[in-house]
Amino acid sequence: MSLAPPRKGENWELRQQLNSEYRDKRADAIKRVIANHTIGKDCSGLFPDVVKNMQTDDLEQKKLVYLYLMNYAKTQPELVILAVNTFVKDTADPNPLVRALAIRTMAVLRTEKTLDYLASPLSTCLKDENPYVRKTAALCVAKVFDLKPELCIEYGFIETLRDLIGDGNPMVVANAVTALGDIHETSLTLPTSRPASPGGSTPPPSARPSQSLFIIDGPTLTKLLVALGECSEWGRIAILGTLARYKAQDEKESEHICERVMPQFQHNNAAVVLGAVKVIMIHMKNVTREDLIKSLTRKMAPPLVTLISSAPEIQWVALRNINLLLQKRPDILANEMRVFFCKYNDPPYVKVEKLDIMVRLASEKNVDTLLGELREYASEVDVDFVRKAVRAVGQVAIKIEAAAERCVTVLMDLIETRVSYVVQEAVIVIKDIFRKYPHSYEGIIPALCANLDELDEPEAKASLIWIIGEYAEKIENAAELLGTFLDAFKEESYPVQLQTLTAIVKLYLKKPEESQVVVERVLKAATKDCDSADVRDRAFIYWRLLSTDASVAKSVVLSVRPPISLPQTTVAPAILEELIGEISSLASVYHKPAATFIGKGRFGADEMQKRAIDPEEELSREKALQTVVQGQQAENLLDFDADEPSSAPSNRDEDFLAAAAPGGISQAAIASAAKSSNPLDELMDLFSSASMAAPVSAPTGMPQASASASNGLGGLGGMSGGLEDLMSPHSASPVSNVQAPSKPQAQQSHTGGAEEDLLGLL
Amino acid sequence: MASLVAILDVKGKSLIQRSYKDDVPPSCIERFLPLVLDMEEENVQVTPCFSDDGINYMHIRHNNLYLLALSKRNSNAAEIIFFLHRLCSVLTEYFKELEEESIRDNFVIIYELLDEMMDFGYPQTTESKILQEYITQESHKLELQARPPMAVTNAVSWRSEGIRYRKNEVFLDVVESVNLLVNASGNVIRSEILGAVKMKCYLSGMPELRLGLNDKVMFESTGRAARGKSIEMEDVKFHQCVRLARFENDRTISFIPPDGEFELMSYRLSTPVKPLVWVEASVESHRGSRVEYMVKVRGQFKRRSTANNVEIYVPVPDDADSPKFRAAAGSVVYAPEKSAFVWKIKQLGGGRDYLMRAHFGLPSVRNEELDKRAPISVKFEIPYFTVSGIQVRYLKIVEKSGYQALPWVRYITQNGDDYVLRTISDAKSSSIIAPI
């Protein structure tokens with residue numbers, strides 16, 4: 001202390017006490033230091049005084065001093081050396097608790113200097129006669145590896161760990177496995193995330209740990225399977241995690257693993273159960289024996305159902321995983337829909353997940369119960385949940401054709417409640433039903449139109465306007481209805497404006513004689529008074545189309561849209577496969593590959609390269625990953641209708657995967673490929689022709705998505721601007737926008753997480 | 001894997017925290033609550049796990065506290081969330097009540113526990129019985145230094161050696177909780193039985209126990225199906241002391257029990273259950289003045305049995321006031337904090353039914369909010385009875401010293417967390433009960 005500290009204040013007092021000759025006083029002082037630390041005061045100034053108290057027989061006091069060291073070692077790296085001696089001495093203490101404590105703490109000080117002193121006591125502790133010390137030391141290897149991998153290699157700690165897998169004590173085995181797993185994970189991120197270690201030079205290539213740090217061979221497998229049945233719950237989780245990584249030699253081995261893991265379904269720790277599910281899902285891929293597969297999936301159901309009675313947070317993790325499992329194997333819980341009925345007191349996040357799973361499990365057999373239940377939910381107070389319940393009714397209608405009529409009845413009942421948000425949501429949902437079953441339920445249109453005045457949300461309004469436009473020929477007063485929207489055209493939100501515009505144009509094409517006035521009004525309003533470029537551009541295009549050739553206009557505006565359906569999966573098959581292999585991890589909870597949220601949430605080039613271990617499998621996965629990232633980026637860049645990013649990665653990836661070169665694809669290429677989903681192709685053609693001011697030449701087959709992907713790409717390439725530039729022409733395109741509202745809402749609501757906020761946009 | 005574990009108060013301030021890996025800066029803890037509030041503001045669902053800027057936040061709530069774990073990796077979410085719950089229960093066992101106050105008062109011991117329960121972000125020993133053996137409130141002095149109990153690392157990590165009792169006894173409680181949901185038209189649309197076998201074990205040494213139940217699967221495999229009723233448990237979960245492989249093989253439940261109280265197993269049956277306590281209510285609502293309820297309860301079980309401590313929660317509007325009750329049995333109290341009134345009946349005999357009436361005033365200003373459609377919920381206990389018909393056939397206790405031990409068995413059926421009936425009907429549209 002070069003600078004004399006003030007001789008008063010709390011720290012000064014504490015210093016006096018820490019140096020007191022009475023043990024009690026010193027012990028009290030240490031407690032106060034820790035108390036101060038706990039409430040966030042900086043106590044680093046007391047470092048030398050606290051360290052003096054390290055040598056004590058009082059275990060509690062020792063623990064507190066150690067705790068202090070853990071927190072402040074980094075702030076006083078030069079002074080830590082003072083403590084090293086005591087640490088090393090403690091690692092040879094007769095009490096195993098002290099030995100373990102010392103080695104455990106020393107390994108987390110995380111300073112270069114102490115590390116060098118750590119090596120030899122660690123080797124001793126790894127061979128300690130007491131299992132408690134050994135299990136603690138095992139984890140220390142992972143700690144050291146995290147700081148200085150070359151040290152572990154130099155001292156052969158990793159081999160020692162591998163030997164510990166054969167230890168007689170299950171707890172030691174478990175921690176050895178845990179440590180090796182951690183080391184494995186760390187080593188995957190090593191070359192990029194670790195620059196030259198401070199103080200030392202970069203490790204020579206030979207010392208650099210390789211992928212082969214933790215290879216599981218036959219004998220290890222046997223040991224793991226034995227330990228699985230014996231060790232504590234947390235050890236089991238570690239072992240199950242390792243078994244999931246193991247690549248079985250042949251089918252017999254896979255069967256063996258499945259059979260040995262199956263009893264873990266009976267464990268009461270949810271993470272053990274999910275871990276076992278993961279291992280079995282992975283190894284089941286190699287199993288061909290029908291009866292075994294059957295018995296495995298049959299036995300998987302009850303434990304999954306039981307998870308639904310656990311604490312809400314655990315339930316939620318389980319539900320997210322069940323959602324994934326159902327995408328892969330929809331049959332697992334086919335008869336268990338009732339357990340997913342929402343409880344009145346379930347937290348909202350659980351209810352939403354349950355709702356999603358219920359729709360997944362809906363079938364002709366259980367649809368009546370489900371609809372009754374959904375209707376009950378629609379009368380609850382949580383607006384968000386009510387809306388989702390109404391939405392679920394629509395999803396059921398789209399999923400099960402036989403039940404569509406009953407769904408419509410339920411929706412009409414709900415509309416009768418006149419609760420504003422229920423009505424609005426129901427209208428949106430009915431629009432999807434019309435999209436799926438055109439011309440089936442026209443009878444309800446008058447009832448819908450009766451609610452025209454009550455709609456105040458853009459999405460609901462737009463939906464109803466779309467319905468009116470679509471069935472303009474059947475609605476006598478369509479012109480009048482649409483005219484009401486025209487009166488306040490300028491005040492409406494853009495989606496409503498776009499929809500009004502399109503609907504009136506449709507009306508005009510269907511009933512030209514009586515809507516001449518309206519169409520002129522809308523085109524004028526949209527081109528002159530509107531401040532949205534999208535609306536303006538669309539109006540211009542319509543105007544030109546209409547003024548040149550009505551038949552072309554008809555084929556564009558009134559084109560037949562492809563049918564919608566509820567997607568079986570919410571993620572691309574390749575990603576689903578990866579996520580299934582990650583059951584119970586955060587990736588499986590978020591439904592996103594790990595690489596998209598760890599680190600910076602973006603991929604680096606070398607990251608991608610490292611993944612090319614198993615060329616074929618990895619490659620396809622990689623591309624799927626990129627698509628997801630692209631999807632996310634696209635969301636940020638483009639604020640257009642949500643259906644683009646959600647549908648592109650899930651449905652189109654195959655197309656563009658084929659189109660893209662197998663090697664390293666530039667991000668831009670992927671971006672453009674991702675965007676080259678059908679509507680965009682059409683748009684590109686249209687747009688390029690429109691911009692050339694030659695609308696007459698627009699090919700008649702255009703709406704049928706005849707434009708090839710390569711054309712679309714060519715168009716993209718030609719426009720040097722990149723995504724941002726593309727943005728506005730895209731949204732302005734008539735074709736894509738005509739389609740936009742008719743895209744299945746259902747599909748969007750499934751995309752979850754990050755895309756959620758886009759849903760409201762339409 | 002968790003890099004950091006912290007307990008936060010309701011304002012998001014860290015009460016105590018322990019860093020296990022320094023890849024996540026402690027300052028991230030302060031960002032937790034603002035992130036949650038942001039999400040709430042933007043109407044995004046706040047879920048137990050979320051990720052922001054490369055940091056994963058995993059949390060659970062307990063009373064007014066957040067238990068939070070942070071990580072930078074693709075951690076095992078199930079493991080961490082489960083660990084947080086376990087931490088919660090260990091701390092509760094240590095301090096009776098886990099709240100701000102008890103955390104502040106016991107920070108030293110919590111640090112010790114955090115150190116012992118998790119290492120480098122991986123859960124270690126979380127059995128509170130074992131932890132209590134070597135982490136105690138009193139500090140250890142020279143002569144009596146704590147050592148890690150054998151159990152920490154033993155294959156039998158839940159029981160210490162050298163336990164002695166003068167009288168060796170085991171108490172078995174078979175508790176079945178019934179969850180069910182009855183819809184407005186009176187049909188049971190979902191029901192399940194959650195059973196648990198709880199033990200209080202006062203046995204010396206290292207006893208080997210074997211429990212025999214009337215398990216259908218076992219009966220069938222041993223060809224004894226003919227003898228008596230057997231039950232089919234859909235999913236069974238065991239305490240870690242039970243040998244799972246053995247159960248998988250021949251359905252034998254064999255184990256070395258922990259000392260004292262623990263839950264040996266839990267099971268689930270989704271066989272349809274008839275509502276044991278049936279309740280229906282009719283409401284006559286006069287908006288702006290008053291609301292009247294008529295509630296009927298019926299014990300739908302054998303006449304010999306009795307349901308004890310029956311409590312029926314009937315929801316009422318938030319702004320109801322001046323309650324008046326008249327009940328044929330038991331007592332009624334208004335619980336405004338729950339927006340309900342509670343009808344308590346000490347003993348409800350099988351086959352008996354009772355009526356009660358309630359009258360509330362409503363403010364003349366109409367409540368803008370919609371009526372909450374909360375269901376009626378019921379609490380009860382029926383002793384000496386299990387809905388599933390499960391029976392303990394035997395409990396064999398073998399210890400090498402060869403002592404005789406007495407097993408005691410008790411059965412009880414009670415309501416689960418979710419015993420609810422949506423049988424509140426509008427008096428005008430239905431006529432469930434004639435006036436008293």
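The chat below goes through the chain contact, a helix packing and some strands of a predicted model.

Colleague: What kind of model is this, and how are things numbered?

Modeller: This is a predicted model, where local features need pLDDT of at least 70, side-chain atom pairs count only at pLDDT 80 or more, and totals for chains, interfaces and linings use all residues. Residues are numbered from 1 along each chain as its sequence is written, while chains are lettered from A and ligands numbered from 1 in the order in which they are written.

Colleague: How many residues of chain A are in contact with chain B?

Modeller: On chain A there are 84, in contact with 73 residues of chain B. Contact here is two residues with C-beta atoms, placed from the backbone, within 7 Å.

Colleague: Which helix gives the largest share of the chain A side?

Modeller: Helix H8 (residues 131-147) of chain A, with 7 residues. Helices (H or I, at least four residues) and strands (E, at least two) are DSSP runs, numbered from the N terminus.

Colleague: And how do the residues on that side of chain A divide?

Modeller: Into 41 nonpolar, 22 polar and 21 charged. Ala, Val, Leu, Ile, Met, Phe, Trp, Tyr, Cys and Pro count as nonpolar, Asp, Glu, Lys and Arg as charged, and the others, Gly among them, as polar.

Colleague: Helices next. At what angle do H15 and H16 of chain A cross?

Modeller: The axes of H15(A) (residues 270-284) and H16(A) (residues 290-307) cross at roughly 155 degrees and come within 11 Å. Axes are lines fitted to C-alpha atoms, for helices over the stretch in contact, and angles run from 0 to 180 degrees between N-to-C directions.

Colleague: Parallel or antiparallel, then?

Modeller: H15(A) and H16(A) are therefore roughly antiparallel, the word used for angles over 145 degrees.

Colleague: Which residues make the contact?

Modeller: From H15(A), they include A:Val273, A:Val277 and A:Ile280; from H16(A), A:Leu296 and A:Met300 are among them. By class, this contact has 10 nonpolar, no polar and no charged residues.

Colleague: What about H14 and H15 of chain A?

Modeller: H14(A) (residues 251-261) packs on H15(A) at an angle of about 160 degrees, with the axes 9 Å apart. H14(A) and H15(A) are therefore roughly antiparallel as well. A:Ile257 and A:Cys258 are among the H14(A) residues in this contact, and A:His283 is one of those from H15(A). The contact divides into 7 nonpolar, 2 polar and no charged residues.

Colleague: Over to chain B. What is the strand order in the sheet of 5 strands?

Modeller: E17-E20-E15-E14-E24, an open sheet with mixed pairing. Two strands pair if DSSP finds at least two bridges between them. At the edges are E17 (321-327) and E24 (424-426), each pairing on one side only.

Colleague: How many bridges join E14 to E15 there?

Modeller: 10, between E14(B) (residues 277-286) and E15(B) (residues 290-299), which run antiparallel. B:Val283 has B:Tyr293 as its bridge partner in E15(B).

Colleague: And the sheet of 3 strands in chain B?

Modeller: That open sheet runs E12-E10-E22, with antiparallel pairing. E12 (253-255) and E22 (392-398) each have a single partner strand, so one side of each is left without a neighbour in the sheet. B:Leu211 stands opposite B:Ile253 in E12(B).

Colleague: Last one: what are the domains of chain B?

Modeller: Domain 1 is 4-139, domain 2 is 169-273 + 387-419 and domain 3 is 277-383, with bounds from an automatic or database domain assignment. The C-alpha centres of domain 1 and domain 3 of chain B lie 40 Å apart.

Technical notes. Parallel < 35°, antiparallel > 145°, perpendicular 65-115°, else oblique.
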